[in-house]
Structure formats: C-alpha cells, structure tokens
Amino acid sequence: MPRIDTSIPRVPALTPVARRNTGPTQPVFRADDLACVSGLPPVNPETGAYDTLPIDAPPRRMLDHLRSCWEPTGSALKRLVRRNVSCSNPAYFAAIEMGPKYFGAPRPARIFMYTLGWFGPFDLGIHRVALTN
C-alpha cells in the first residue's frame with residue numbers, strides 16, 4: 001500500500017489559540033490531496049478569547065478561520081467537499097446555515113449534529129474537508 005504524505009501546516013493566527021484552548025490539536029491536517037480543518041471554536045484570533053456574539057456571527061468568523069487554515073495547504077472554499085456542523089441548539093439551524101450564502105451549486109456534503117455541551121462558551125463547531133490540488 002502506498003504511503004500517505006501528511007503534514008501539519010502552521011496557521012500563524014490560530015495554531016497558538018488551538019493549542020491553548022483545546023489541548024493537543026492543530027487547526028488543519030493535510031493528507032495527500034485532502035485538507036481537514038479541526039472544529040475550531042469561534043475564538044477571536046487576536047486575543048484567543050471567546051467573544052459574546054449573536055448566533056449568526058460565529059459562522060462568519062469560522063469561515064475566516066477556515067480560509068486562514070486552507071491558505072497554507074493550497075486549498076480554498078471552492079474546493080470544499082464536506083462540512084460537519086455541530087450546534088448546541090437545533091433551533092439555530094436557520095441562522096447558522098451557510099450553504100446558500102457561501103457555496104454555489106452544487107453545495108458540498110453536510111451533516112448537522114446536535115451537541116449537548118462544549119468546553120467553552122460557544123454554541124457552534126464546524127469541521128471541514130477540502131481538496132488541495
């Protein structure tokens with residue numbers, strides 16, 4: 001079986017925040033032509049703090065995090081193939097659904113999961129997988 005080429009790209013704005021807030025993890029992991037972005041919380045990348053935001057703001061902040069994670073892998077939003085959305089309240093679905101706003105047709109695969117609790121004061125986590133080349 002051929003070996004998979006893996007790497008952990010450094011994301012200057014988010015790597016220190018991810019290590020400090022979530023334990024031993026990294027914002028993005030690359031395996032051959034896939035870039036997998038961790039479910040980073042919607043932290044303020046300048047301070048590492050959890051800002052109190054209206055529920056429709058964290059998805060936009062997470063999209064900015066996503067772009068900064070994919071940049072060092074050579075990927076982009078248009079290369080997205082899968083997204084997993086975890087949320088503490090299923091009633092927020094309409095406010096946080098980003099598909100129609102950010103992705104053209106056809107939209108990437110998506111799963112929405114209800115999560116009972118988090119390690120921080122936020123309601124949303126988004127995990128993504130994209131092609132890099």
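**Close-up views of a predicted model**

**View 1. Aspartate 51 and arginine 61 join their side chains in a salt bridge, N to O at 2.9 Å.** A salt bridge here is a side-chain nitrogen of Lys or Arg within 4 Å of a carboxyl oxygen of Asp or Glu. Aspartate 51 sits in the loop between β3 and α2 (57-70), and arginine 61 in helix α2, so the pair ties together parts ten residues apart in sequence. Helices (H or I, at least four residues) and strands (E, at least two) are DSSP runs, numbered from the N terminus. Arginine 61 is buried at 17% relative accessible area. Aspartate 51, at 28%, is partly exposed. Buried means under 20% relative accessible area, exposed over 50%, and partly exposed in between (1.4 Å probe, protein chains only).

This is a predicted model: local features need pLDDT of at least 70, side-chain atom pairs count only at pLDDT 80 or more, and totals for chains, interfaces and linings use all residues. Residues are numbered from 1 along each chain as its sequence is written, and side-chain values use heavy atoms, leaving out hydrogens and water.

**View 2. Aspartate 64 and arginine 67 form a salt bridge.** The closest N and O atoms are 3.6 Å apart. Both residues lie in helix α2, three residues apart, about one turn of the helix. Aspartate 64 is partly exposed at 47%. Arginine 67 is partly exposed at 42%. A search of the whole structure finds three salt bridges; one of them links aspartate 56 to arginine 60, with closest N and O atoms 3.9 Å apart.

**View 3. Phenylalanine 93 and phenylalanine 112 pair edge-to-face.** A search of the whole structure finds one aromatic pair. The ring centres are 5.0 Å apart and the planes stand at 90 degrees. Rings of Phe, Tyr and Trp (its six-membered ring) pair if their centres lie within 6.5 Å; planes under 30 degrees apart count as stacked, over 60 as edge-to-face and the rest as tilted. Phenylalanine 93 lies in helix α3 (residues 93-96) and phenylalanine 112 in strand β5 (residues 109-114).

**View 4. Six strands form an open sheet with mixed pairing.** The order is β1-β2-β3-β6-β4-β5. The edge strands, β1 (6-7) and β5, each pair on one side only. Strands β3 (residues 34-37) and β6 (residues 124-131) pair in the antiparallel sense over four bridges. Two strands pair if DSSP finds at least two bridges between them. Valine 37 has arginine 128 in β6 as its bridge partner.
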